[in-house]
Amino acid sequence: MASKDLFNNVKVVPAFDVRTISSNATTSGDIIDTAGFESVTFVFQTGTVSDGDYTVVIRDGDDSGLSDGAAVADAFLLGTEAGASFSADTDDNDIGKVGYIGGKRYVQMQIVSTNVSSGAVVGGTCILGHPTDAPQSTQITRD
């Protein structure tokens, strides 16, 4: 039974617009500003994964455009990027997550795709938690 208030203590923002990835590429999601929040979790969901291998990569930096962006060291991730990655014929309609505990203000999820000819449908959300200003009662964050 639920007895704690999570609703007012998180902000949910788009991280990776739902799309079909149909080539070998690095596909970048939205840059997330973590100011005012002390925890970050990326959640992604796959649809049909026809072929290919997809590696989730989390980047961080202090520049709002991530001109200084770099892949996050494993020490600053909760879970692993490898553990959140997915591949053809085994990962249809899955949900995965990766947490971030680094000290940079801006973060981004990327998906690196290889061995792709048809592709995969994937989308992602970022959950910002432990706000310095609560409650966070906004129900919809527009892109």
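This report describes the fold, surface and selected residues of one protein chain.

The structure is a predicted model, in which local features need pLDDT of at least 70, side-chain atom pairs count only at pLDDT 80 or more, and totals for chains, interfaces and linings use all residues. Residues are numbered from 1 along each chain as its sequence is written, and side-chain values use heavy atoms, with hydrogens and water left out.

**Overall fold**

The protein chain has 10 strands and one helix. Helices (H or I, at least four residues) and strands (E, at least two) are DSSP runs, numbered from the N terminus. In sequence order the pattern is β-β-β-β-β-β-α-β-β-β-β.

The radius of gyration of the protein chain is 15 Å, which agrees with the value near 15 Å for a compact globule of 143 residues. This radius is taken over C-alpha atoms, and the globule rule is 2.2 Å times the number of residues to the power 0.38. Along the principal axes, the C-alpha atoms fill a box of roughly 45 × 40 × 30 Å.

Contact means heavy atoms within 4.5 Å. Among the contacts in the protein chain with a separation of 6 or more, 84% are between residues 24 or more positions apart.

**Surface and charge**

The accessible surface of the protein chain is about 7,800 Å², and 48% of this belongs to carbon and sulfur atoms. Areas come from the Shrake-Rupley method with a 1.4 Å probe; for residues, only the protein chains shown count as cover. Of the 143 residues, 38% count as buried. Buried means under 20% relative accessible area, exposed over 50%, and partly exposed in between (1.4 Å probe, protein chains only).

The protein chain has 8 positive and 19 negative charges, and their mean positions are 8 Å apart. Lys and Arg count as positive and Asp and Glu as negative, while His and the chain ends are not counted. The place of a charge is NZ of Lys, CZ of Arg, CG of Asp or CD of Glu.

**Selected residues**

The table gives the accessibility of residues discussed below.

| Residue | Relative accessibility | Class |
|---|---|---|
| Tyr54 | 1% | buried |
| Phe86 | 4% | buried |
| Leu66 | 5% | buried |
| Asn115 | 56% | exposed |
| Ile95 | 61% | exposed |

Rings of Phe, Tyr and Trp (its six-membered ring) pair if their centres lie within 6.5 Å; planes under 30 degrees apart count as stacked, over 60 as edge-to-face and the rest as tilted. By this rule there are two aromatic pairs. The ring centres of Tyr54 and Phe86 are 4.9 Å apart with planes at 10°, so this pair is stacked. The pair links distant parts of the chain, with Tyr54 in strand 4 (residues 53-61) and Phe86 in strand 7 (residues 86-87), 32 residues apart. Ring pairs join Phe44, Tyr54 and Phe86 into a cluster.

Ile95 lies in strand 8 (residues 95-100). Leaving aside neighbours within four places in sequence, Ile95 is in contact with Val43, Phe44 and Gln45. The C-alpha atoms of Ile95 and Gln45 are separated by 4.4 Å, although the two residues are 50 residues apart along the chain.

**Backbone features**

Leu66, a residue other than glycine, has a positive phi near 55°. Leu66 is in the loop between strand 4 and strand 5 (70-71). Asn115 is not a glycine either, and its phi is positive at about 60°; Asn115 is in the loop between strand 9 (106-114) and strand 10.

The peptide bond from Ala134 to Pro135 is cis, with omega near 10°. Pro135 is placed in the segment after strand 10 (120-131).
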